[in-house]
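I opened my notebook to record what I looked up in this structure. My entries follow the order in which I checked things.

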Amino acid sequence: MKRTEQAALIAARLQHALQRAEDGHDQSIERLAKLAQALTRGRKDAGLSSTVGQPVFDALARSMAAQIAAQKAMVELHEALAEVKDTTRFRGVRMAGLDKSDHPVPRETRLT
């Protein structure tokens, strides 16, 4: 196998694993938000005071903050991988998800 083919294969595997990890973070945040909604609605439907179960909400807030921090670490991981790409034989390989614009927001899309 040629070096460029091997690099492309490795890049594809990395991109797939990275995308799945990022999707997992997004899914976790979404599920925590749904839990917050269910807890709030459940407390209201039960006719309980907003002071009831506050430790539950405090723990949920810590969990959400931890997930957001993990998501930030994924951004740092992207940057570190991009640096590796730029300093190795992967320099010429297109890596979806790693080749981000220097100005990511707003990002151009193909949506019309």
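**Salt bridge**

I searched for salt bridges and found 1 in the structure. The model is predicted, so I treat every value as computed. Lys34 pairs with Glu30 in this salt bridge. I looked up the gap: the closest N and O atoms are 3.3 Å apart.

Next I asked how many residues apart Lys34 and Glu30 are in helix α1. They are 4 apart, which means about one helical turn separates them. An α-helix has 3.6 residues a turn, so residues three or four places apart point the same way.

**His25**

I moved to His25, which also sits in helix α1, residues 3–45. His25 counts as buried because its relative accessible area is 14%, and the cut-off is under 20%. Which residues does His25 touch, leaving out those up to four places away in sequence? I listed Gln67, Ala70, Gln71 and Met74.

**Helix α2**

I then checked helix α2, residues 54–86. Its 33 residues, at 1.5 Å a residue, should span 48 Å.

Which residues of α2 are buried? I noted Phe57, Leu60, Gln67, Met74, His78 and Lys85. These buried residues pack against α1. Gln67 and Met74 are on that list, and both touch His25.

Key
Residues numbered from 1 in each chain as written. Predicted model: local features only at pLDDT ≥ 70, side-chain atom pairs only at ≥ 80, totals over all residues. Heavy atoms only, no water. Helix = DSSP H or I, 4+ residues; strand = E, 2+ residues; numbered from the N terminus. Buried < 20%, exposed > 50% of the residue type's maximum accessible area, 1.4 Å probe, protein only. Contact = heavy atoms within 4.5 Å. Expected span 1.5 Å × (residues − 1). Salt bridge = Lys/Arg side-chain N within 4 Å of Asp/Glu carboxyl O.
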